[in-house]
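This report describes selected structural elements and residues of a single protein model.

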Amino acid sequence: MNRRKVMQLVAAAAGGNWMTKREAAAAQQVARATRGLPSPKIKDVQVIQTAPGGLRLPVVKVLTDQDGLYGYGCACFTQRADLVVPAVEKYLRPFLIGKPADRIDDMWQAMYNSSYWRNGPVLNNAISGVDEALWDIKGRQANMPVYQLVGGKVREAADCYGHASGSEIAQVVESAKSYMARGFRHVRVQVGIPGMEGYGARGAGATAPMKSLHGGPMYEPAYYIRRVLKLFEACRKELGDEVELLHDTHERIHPTQALQFTKDCEQFKLYFLEDVLSPEDIAWFRQVRAHSTTPLAMGELFNSPHEWNPLIAERLIDYIRVHVSQAGGFTPCRKLAAMAEHFSVRTAWHGPGDVSPIGHAANVTLDLVCYNFGVQEYSAFNERVQEVFQGCPVMKDGFLYANEAPGWGIEVNEKAAAKYPFGYGEQGGKKSLNGGWGEVRKRDGQIIKQ
Ligand SMILES: [Mg+2]
């Protein structure tokens, strides 16, 4: 061995020693930051399949190699819930076992890219389940609620809207009054259309104004529009100007009708009009925006956060309606909210009964930490749901409060969850379609978007 080679070896050894010291110092810092716990590794990924409220709620549980350290995430695509289960068990589970549980964004990017073809609702919900479980784990490690991990509160609680509905206009008004009596300042109003399959309210067996050419559920957009404008008129007359009224068209009308309808709504000063266009028709937002000041909410059907970008950047909508698990979970939605803040577009995360309480906890966490929060959709947690999900966010006077326990603050009682398997409470078509939706057609038989 020549002298030059020996010097190279010495230099390498010295370099090695220096790196070792540096690594030791870094390891000490990590130990302080993680309270002495080593970085947890993912040991198992499971799916809890439960339907305590009659809607299928797939919830992912990620377990780590540290005793008692685990977390839960919402993966709720209730209309195709059974497909989310193998997406997690057969693909994400083997991909994730042994990987670090404390590198959340890194794991999100890894999961997102690992299927190559991406941005589908099944895969995004599966990713969300893991993503939110990792946030839950980090909160439990830090002994803090997740809202503390991402900067802390900018408000005390989330102002919510409830769902007032009825077959008749008078019933909707009464339903809205009951929400207002409970302290709600925002109410979504939906009314049935006689003899038709309305969204958010049923016609309750009333006779339809015309006969259909088919025997199934029927819906005619023009009838809906006339009916709902009468509803708004009655609501303003009976409920006054103070209450904030919201409404969901559920993408059931033609863009030409949307233009006129949005203008006609102006006089009633809605808080927002939701999904007046379908995702396939978003290019019409420019025209709708140019002709009306009615605030617009959009986006619960989008999959990728990138789908909101043009609507936000051009300021064509006022509220982003995101089904957080559909978009891939807490991580991408936090980024989306931050992007929207720059354009003064506000958040209104999707919060119906087909979001699990873990998902509602993620929603309210975003509500508390995002400056550009607008309003939160609220669905009550019934007794069975609270039996399974212990520590649900708490509603008081129209405000939703986060649980102050670490992580999402929710424990899942898996024994109770097993009492309400997928399909619990389902009847008729929903049961035969495995929790999926049926079909609604116009009078002539043309299928409509639901
Ligand atoms: Mg909606």
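## Helix α6 and its surroundings

In this predicted model, the buried residues of helix α6 include Ile-169, Val-172, Ser-175, Ala-176 and Tyr-179. Viewed down the helix axis, the buried residues of α6 fall within an arc of 120°, so they line one face of the helix. On the face turned away from that buried side, α6 carries the exposed residues Ala-170, Ser-178 and Ala-181.

Helix α6 comprises 13 residues, 169–181. The distance from its first C-alpha to its last is 18 Å, close to the 18 Å expected at 1.5 Å a residue. Just after the helix, Gly-183 adopts a positive phi of about 105°.

How many of the residues of β5 are buried? The count is 6 of the 6, so the strand is largely enclosed by the rest of the structure. In a regular strand, side chains alternate between the two faces of the sheet. In β5, His-186, Arg-188 and Gln-190 point one way, while Val-187, Val-189 and Val-191 point the other way. The residues of both sets are buried.

## The three-stranded sheet

A further sheet is open and consists of 3 strands in the order β1-β2-β3, with antiparallel pairing. Strands β1 (42–50) and β3 (70–74) stand at the edges, each with a single partner strand, so one side of each has no neighbour in the sheet. From one strand to the next, the twist averages 20°.

Strand β1 pairs with β2 (residues 57–64) in the antiparallel sense over 8 bridges. Val-45 stands opposite Val-62 in β2, and Gln-46 stands opposite Lys-61 in β2. Helix α2 (residues 81–96) touches β1 and β2, and its direction makes about 175° with that of β1. Helix α12 touches β2 and β3, and its direction makes about 85° with that of β3.

The strands β1 and β2 also form a hairpin, with 6 residues between them. Gly-54, in the turn of this hairpin, has a positive phi of about 90°.

## Asp-354

Asp-354 is located in the loop between β10 (346–347) and α12 (357–369). Is Asp-354 buried or exposed? Because 22 C-beta neighbours lie inside 10 Å, Asp-354 counts as buried.

When its neighbours within four places in sequence are left aside, Asp-354 is in contact with Leu-55, Cys-76 and Thr-78. Asp-354 and Ser-379 are separated by 25 residues in sequence and by 9.2 Å in space, C-alpha to C-alpha.

## Positive phi outside glycine

Asn-143 has a phi near 60°, a positive value in a residue other than glycine. Asn-143 belongs to the loop between α4 (121–142) and α5 (146–149). The 11 C-beta neighbours inside 10 Å place Asn-143 in the exposed class.

His-250 likewise is not glycine and has a positive phi, near 60°. His-250 is found in the loop between β6 (244–248) and α8 (255–265).

## Confidence of the model

The mean pLDDT of the protein is 93, and 93% of its residues reach 70 or more. Over residues 1–7, pLDDT stays under 50. For residues 1–7, the model has 1 contact beyond four places in sequence.

Conventions: Residues are numbered from 1 along each chain as its sequence is written. This is a predicted model: local features need pLDDT of at least 70, side-chain atom pairs count only at pLDDT 80 or more; totals for chains, interfaces and linings use all residues. Helices (H or I, at least four residues) and strands (E, at least two) are DSSP runs, numbered from the N terminus. A residue is buried if 20 or more other C-beta atoms lie within 10 Å of its own, exposed if 12 or fewer, and partly exposed in between; C-beta atoms are placed from the backbone. Two residues are in contact if their C-beta atoms, placed from the backbone, lie within 7 Å. The expected span of a helix is 1.5 Å times one less than its number of residues. The arc is that of the directions from the helix axis to the C-beta atoms. pLDDT is the predictor's confidence in each residue, from 0 to 100. Two strands pair if DSSP finds at least two bridges between them. Axes are lines fitted to C-alpha atoms, for helices over the stretch in contact, and angles run from 0 to 180 degrees between N-to-C directions.
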